[in-house]
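Here is a short briefing to read alongside the model. Have the sequence and the 3D view open, and follow the topics in turn.

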Amino acid sequence: MEKVISELKKILPPGNVITEKEELVSYSYDATADMPSQVPDAVVMPETTEQVQAIVKVAKESKTPIYTRGAGTNLSGGTIPTKKGIVLLTVKMNNIEELDVKNLNAVVQPGVIIQDLNDRLVEHGLMFPPDPGTVKTATMGGATAECSGGLRGLKYGVMKHYIMGLEVVLANGEVVFFGGKTVKNVTAYDMVKLFVGSEGTLGIITKIVAKLIPAPEDKKSMLATFDKLEDAGNAVVDIVANKVTPATLEIMDNATIKTVENYAKVGLPTDADAILLIEVDGISEVVAKDANVVVDLVKKNNGTIKVAETDEERDGLWAARRAALPALAQMSPTTVLEDATVPRSELTKMLIELQRIAKDYNLNIGTFGHAGDGNLHPTILCDERNEEEMKRVHKAVDEIFAAALKLGGTLSGEHGIGMAKMKYLKDEIGESGVALLKTVKEALDPDYILNPGKMVPLKGE
């Protein structure tokens, strides 16, 4: 490995290769709890595509694993080193190279923070819709590789709906570019979609052409309160069934409400069994109409609703929602956050299942998430030092995913597969599906040097 590190130091500017053990430890884990890991041999911080190419060629020659990492906020173990090797950190590739207002797109490097891009777009009346909970730290490259979603996913979709083109360095060090700035592009296979969500296992993203849209002219935020979790779930189903598509439709159960209120002090109703945080946006007339429909449907489902009258009230609601994970995380040494997603019509059943699982395994589970698109985040508060408790946690997680799949759902709505969900893949896509993933992986990365042990099982496993 000394020879590899020596070569890396020749490629990169001084200070862009980290080898001190104390610093390397910081890159041996990400935001995922209870995952096996190893401390990498080196962390590299390239600034150009050419430097990424050179790094990959050194790794290929020595068959050294490369783990591409953005801000490390992912929640499926996707950036954790499993076989030592090199962590390739994209944070210094953080240039917004072009804002093409006429064509409604932006060309960015992978290390650009999503919120920073949106801050630049405000003056142009535009926005980049995907907004993961960690929007102020998550990078464009990481979010693209994970196909992240966020609070606006119900109306606006996830990353794959906004990536028009990609420059990618392959496992052999070659550079390819697919897609571009045109609204229509059906040339060859849709390789852009292949690399979006590939979690760094097929190539390293070095440039992104991102689709932008006009920011809505008006919006209205509401807080709906329910005495029964089932009523909240039914209200979500009714809202969507009545052809209202909120920009955001979020849920918190009682455990999450109490924890967030204790953490953020924003005035949430701690005696409620569940709350919905709802925002409709668009043209003012449509916003008013949709808001009235939402109010009626909440009341129909035994809820009460309050409309935010000021920007301060609105900001408080969304600050509360974004505080859900950090608030829950402070309650216990370990936070196991899952990503089970079901068809919206099955949301109430899934909520009831989560309550049952928590009771059956005597676990503290706080549930919040993007109720409008059926994407729930059951969060298990536990202590990984307690072996007996962790056995119950693992069994509960098995049941959570089994319940989601039984209801016609999926293993992941936005967090990816990484290490955390690999063992469940065959339950959703079958043995033949897993075999096809391996075929694609081996066609592009036959030596398994790109993020090995993630999404696709290693050879022989």
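Strands β3 (66–69) and β4 (86–89) pair in the parallel sense over 4 bridges. This is a predicted model, in which local features need pLDDT of at least 70 and side-chain atom pairs count only at pLDDT 80 or more, while totals for chains, interfaces and linings use all residues. Residues are numbered from 1 along each chain as its sequence is written, and side-chain values use heavy atoms, with hydrogens and water left out.

**The sheet**

- Helices (H or I, at least four residues) and strands (E, at least two) are DSSP runs, numbered from the N terminus.
- The open sheet has 4 strands in the order β1-β2-β4-β3, with mixed pairing; two strands pair if DSSP finds at least two bridges between them.
- β1 (17–18) and β3 stand at the edges with a single partner strand each, so one side of each has no neighbour in the sheet.
- Thr68 has Leu88 in β4 as its bridge partner.
- As background, strands of a sheet pair through backbone hydrogen bonds, either parallel or antiparallel.

**The loop between β3 and β4**

- Ser76 lies in this loop and counts as buried, at 0% relative accessibility. Buried means under 20% relative accessible area, exposed over 50%, and partly exposed in between (1.4 Å probe, protein chains only).
- Beyond its neighbours within four places in sequence, Ser76 is in contact with residues including Thr32, Glu146, Glu199 and His415; contact means heavy atoms within 4.5 Å.
- Ser76 and Met35 are 41 residues apart in sequence, and their C-alpha atoms are 8.8 Å apart in space.
- Lys84 is in the loop too, and is partly exposed, with a relative accessible area of 36%.

**Positive phi**

- Most residues other than glycine have a negative phi.
- Lys84, not a glycine, has a positive phi of about 55°.
- Asn451, also not a glycine, has a positive phi of about 45°. Asn451 sits in the segment after α15 (425–444) and is buried, at 1% relative accessibility.

**Lys454**

- Which segment holds Lys454? Lys454 is found in the segment after α15.
- Lys454 is buried yet has no salt bridge, and the nearest side chain of opposite charge, Asp30, is 6.6 Å away. A salt bridge is a side-chain nitrogen of Lys or Arg within 4 Å of a carboxyl oxygen of Asp or Glu; Lys and Arg count as positive and Asp and Glu as negative, with His and the chain ends not counted.
- Not counting residues up to four places away in sequence, Lys454 touches Tyr67, Gly77 and Gly78, among others.
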